Structure formats: C-alpha cells, structure tokens
Amino acid sequence: MKEIVVISGKGGTGKTSIAAAFSQIEGSGMLVADCDVDAANMHVLLEETICQSIDFYSGYHASIDAGKCIQCSKCRAVCHFGAISESFQVDKMTCEGCGYCSFVCPQQAITLHEAYSGQVFLSRTRFDSMLVHARLEIAGENSGKLVTEVKDRARELASAFDCDLILYDGSPGIGCPVIASLTRASIIVMVTEPSVSGYNDMVRLYKLITRFHIPCAIILNKSDLNESHRKKIVRFSVVNEIPILGEIPYDPLFTEALMQRKTILEVSQNGISGSVNTIWNRLKSMII
Amino acid sequence: MKIAIASGKGGTGKTTIAVNLAALVSREFPDVNVVLADLDVEEPNSGLFLDGQIVHSEVITRYVPRWENSKCTHCGKCSEHCKFNAILRLPEQILVSPELCHSCFACMDLCPENALIPIRRKIGTLVHRKTGEIDLVEGRIEIGEPSAVPLIKKTKEYLERAFHGSSLFILDCPPGNSCPVMESVREVDYVILVAEPTPFGFHDMKIAIETLEVLQLDFGVVINKSGTGDHQIREYCMNNKVRVLGSIKNKKSIAERISKGELLITGFPAVQRALNTIYLAVSNRLHVT
C-alpha cells in the first residue's frame, strides 16, 4: 500500500484544495483521510455521505468524589499541572490524566475515567472515493492519537476494499498531530508558498521530515506572489535534492472554486487544471 | 489587557492582524505599552515582520526522568504507574521515552530506590526583542518536540514576570482547536477570531466559536480576505449575536506585501482604518482606552 501525506507547516497554503483535486483525478482508486483533526475541511469540499461514526476515547481525566474527600490536600500537593482547585474540583482542561492524585489519595476518592476525545467518520465522497475524517472534541486532548486512529481506520478500510493508495491531508504546524501523520508515509508532499512565512515554515517542517527518512517533494503554490522568495524555495530544493513537482500561480479561481464548494479542476478549464494534473502524474510516478 | 488573536483554520491571517495591530497601536497610541507574544511556537512568524534588538533569551526546559541502572531493583512501579507509556520495563532495563513524558513526576517520586532522577530536557527557546516601542516575545519549539503546551505556558509566565499588568498584550495564537490553543487563550480578556469567508474558513470559525463559548471567553470576529462569500459569516454572526469587529479585503497587493515580511500600516489606508476600528471596539468593550 502506498501512502501520500500532504503537509505545509504554514496554514492556508492550499493543501486541502490541491489534495481535493488529486482525489477527483483518482476517484475511487484512492482513499482520502483528513489528518487535520482540529479543523477538518476535506469533507466540506467533497460533500461526503457519512456511513459510520465512531466515538474516540483517549487518555484520562480525574474526578473527585466529594462524599469521600476529606480535603487533606495530598492530591493538590502532587499535581504538577495545578488542575485541582482549592475547593477540590478537577479542571478538565488542565488535567493531563496522569493519575498521580488518585494514587496518593488516602480515601480512594479520586477515580480516573477515559476521556471522550472526538469522533472518527467513515464516509463516501461525491467522487466515489472512501473518506476518513475526524472531529476532535471541543478542548479535546491527544490530537496526535486521533490522527493515528484516523490513519489506522484508513489503512483498515483500504485493505478491506483492496485499495492500494491513500492520500492524507495533514494539519499545519510541526507538533504532535503532524508527527503522527508522517509515520509510515511512502512520500511526503510539502505545499508551500513564496512568502517569508511560507519559506520559514517549510524549512522548519523539512527539518522534522528529515528525521523520518522518507522521500519528500514540493508543490509551489501561489508561485508568482514573490519572485525572490520563489527563488529561495527553488534554491532550497536544489541544495536538499527535493524535487519540485510543479508550480501553480496565484489565482483567485482557488477561492472562487471553494466558494462554490468545487475543486479547482471543476472550475478551471485553463492552465491550472493542466498543472494540477501534471503534478499528480509526477507525484504518482515517484511512488509507483 | 490581554487580547488573543486566534482562528480555527490556519492561514487566515492571525499573524498579519497581530503584528499590524501591535504596530498600529504603538504608533497611534504612544502611551500604550504594547507587548506582542508569539504563542504559535511550532511556526512562530511574528518576528519576521518586526526585527529588533534581543534584550533577553533563555532556553526553556521541562523535567523528564533519567534511569539510574545502579539503583534500580526492577520493581516496575514506575512503568505500572505511567499513563503515557513513557516508561517501558524490559527484562534488563527501564526504557524512558522523554518525548512521551508529561512531566507529572509520579514515576520519579514513587520510585522506592530513587532510581529515576529528574533531568532537564530542552523543549524550546524564548526570545524577547525590543523593536521600536514594541516588546516582542517569541516562543520557538525544538523541532521534534511533540507538545507545545509546556512552552506556551512558560512563555506566558514570562509575560507575567517581565511586564507591567497595564500593558496591552497581543497574543498571536496557534491554529486549530486543541490543547495548544486552549493554553494560549487561557485567562485572556478578549479573543479576536480571524475568519476568512470561504466554506473552510466558515466551518472552522463555527468550531472555534463553540470552543470559545465553552471556555466562556469574550470574543469578536474579524473577517479577513473579505469579498464574495462574506454574507454567510455575516448572517451566522448576526443570528448568533456574535460581534463582527471589522473586515479586511482580499487583495493580491496585500498578499504580496505580506509575502515580503512587511507591515500593512503604511500604504493601505483601508487596512489601517479597519485595525483602528477593531482596536477601539475591543478597548471600549473592555472599558480601557
């Protein structure tokens, strides 16, 4: 099974728009999984039919039984997160679920219960492909684990239905959800834009990627936004031997397509859809 | 006054609003001491728009356990207790995975032989720069460090230590809706939610609003890259009594200026007016001018 991860470091570079176009080209032959569990958007564009939703529990929260509590403060003394108030209430947002409090409580007044962290959805897109996405619970923790859950479900579905290609749309940043989305990838595609922020974030992301020893490629979106930063990205790709799969110029059509909830291929008959097709073919040829 | 600049979706213009708001207030209201804190520690970019002299920098660490073979009796209490799978008990050794550790100290305190010793692990750096009249404090996470929360916490603690409470604190937050965002907006007076009027922006804004309501924070929306499609956000905000503080138009010339790492407070009078209105609306709301 081949797994493509699309990622960007900086938000708003066009990851999801481009990934959605790839999904349209490939249709039912490729499963799509949205690893941006904080702010999943792929389903907005691909108008899914949800076939199944699965509750996801991860980690723990402590709660104190006021009837048993003798207010000895032992729990407050050991909690390094300041999660227990003076009135012996546990703040769910700050509690990390380490269980130290419940271990030291002489009254066994503190119990740990599994924390509800969100939902995973198994769906079908309007391009007839399978889609796995998730929604992290409000103020939910363990987004990295939810990403892993999305990926596990995606692999399970793909192998059950004999689909040998998965496309993951990643989240911005370089923290735990991103680290979780990179594991076991066949190739990592960085979608970047020629701006100070785009360049800077790509370089930090690349430093993270090099730890995984996974092949990597660049898509240069909004390529005519800033010539000097475009050159910087090209130079970076040459020095680090990262192929640039293609360039897509800044085009209001990207926004217009989104407004109509369509992919860029559905609204553009001109050069952009050609570039996207070429980029997709190059990308596929790198892994197959 | 602490104002967080947040958004659900990435790339809506949080940093743009944060740096330009800081620069504008500092220019137009010289009495206000402006402190801009970049809490998007995974990808901190505020500093790209405001350079300046470093006045303070420090390495930020947290404690993780180190295993001392000579003292260990392999009783396994440490790994039994660890809820994060950061300690693995093998037949001959105890394997610590510091990146999974949450620094709860349970293993170190509970070990009867003191065989797990707290050591400092670098999680990032904090840099405080003075750029003109603006104090810029940036947290920057070590690459490969999974959790941003401890570094955000430490950066906010530095703000408390280093500045007078009467300063205007503008906090540039990370994108998303998970723990790093929660930590960033904790105990702020107001949240400016930057939304873009695309279906993606709208979808993520609704999630962000739900989150802020759960946290019971006061907030308003700025529509960035506005144009066609605004009506959806506008109607949603009206129907749900959410205040829209202002809008900034979607223009390639603005994107080009930002791409160079330059500010919008000269040459873009409409942006300037919008930021001014946003600032006055927020400070009136908080009864401070």
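**Exercise 1. A salt bridge across the sequence of chain A**

Task: Starting from A:Glu266, which counts as partly exposed at 27% relative accessibility, describe the salt bridge that A:Arg126 forms with A:Glu266, and explain which parts of chain A the pair ties together.

Solution: The model is a predicted one, and the distances are computed from its atoms. Step one is to look at the contact itself: A:Arg126 and A:Glu266 form a salt bridge in which the closest N and O atoms are 2.9 Å apart, and this lies inside the limit of 4 Å that a salt bridge requires. Step three is to consider accessibility: buried means under 20% and exposed over 50%, so A:Arg126, at 31%, counts as partly exposed.

**Exercise 2. Two further pairs**

Task: Find where A:Glu193 and A:Lys222 lie, decide whether they are buried or exposed, and then do the like for B:Glu145.

Solution: Begin with the pair in chain A, where A:Glu193 forms a salt bridge with A:Lys222 and the closest N and O atoms are 3.0 Å apart. A:Glu193 lies in the loop between S7 and H7 of chain A and A:Lys222 in the loop between S8 and H8 of chain A, so this pair joins parts that are 29 residues apart in sequence. Both A:Glu193 and A:Lys222 are buried.

Turn next to chain B, where B:Glu145 forms a salt bridge with B:Arg121, with 2.9 Å between the closest N and O atoms. Here B:Glu145 is in the loop between strand S7 (134–141) and helix H4 (149–162) of chain B, while B:Arg121 is in strand S6 (residues 116–131) of chain B, 24 residues apart. At 3% relative accessibility, B:Glu145 counts as buried.

**Exercise 3. The faces of helix H8 of chain A**

Task: Work out which residues of H8(A) are buried, how they are arranged around the axis, and what covers them.

Solution: First, note the extent of the helix: H8(A) (residues 227–239) has 13 residues and reaches 18 Å from its first C-alpha to its last, close to the 18 Å expected. Second, pick out the buried residues, which are A:His229, A:Arg230, A:Ile233, A:Phe236 and A:Ser237. Seen down the axis of H8(A), these buried residues fall within an arc of 120°, so they line one face of the helix. Third, look at the face turned away from the buried side, which carries the exposed residues A:Arg235, A:Val238 and A:Val239. Finally, inspect the ends: A:Asn226 caps the N-terminal end, with a side-chain oxygen 3.1 Å from the backbone nitrogen of A:Ser228, and the helix is followed by A:Glu241, whose phi is positive, near 55°.

**Exercise 4. The contact between the chains**

Task: Describe how many residues each chain brings to the contact, and which helix of chain A gives the most.

Solution: Start with the totals: the contact takes 60 residues from chain A and 57 residues from chain B, and the area buried between them is about 4900 Å², of which carbon and sulfur atoms give 60%. Then count the salt bridges between chain A and chain B, which number four; A:Arg204 forms a salt bridge with B:Glu43, where the closest N and O atoms are 3.6 Å apart. On the side of chain A that touches chain B, H7(A) gives the most, with seven residues.

Conventions. Residues numbered from 1 in each chain as written. Chains lettered and ligands numbered in written order. Predicted model: local features only at pLDDT ≥ 70, side-chain atom pairs only at ≥ 80, totals over all residues. Heavy atoms only, no water. Helix = DSSP H or I, 4+ residues; strand = E, 2+ residues; numbered from the N terminus. Expected span 1.5 Å × (residues − 1). Buried < 20%, exposed > 50% of the residue type's maximum accessible area, 1.4 Å probe, protein only. Arc of directions from axis to C-beta. Contact = heavy atoms within 4.5 Å. Polar contact = N/O pair within 3.5 Å; in protein donor to acceptor, adjacent residues only side chain to side chain. Buried area = accessible area lost by both parts, 1.4 Å probe. Salt bridge = Lys/Arg side-chain N within 4 Å of Asp/Glu carboxyl O.
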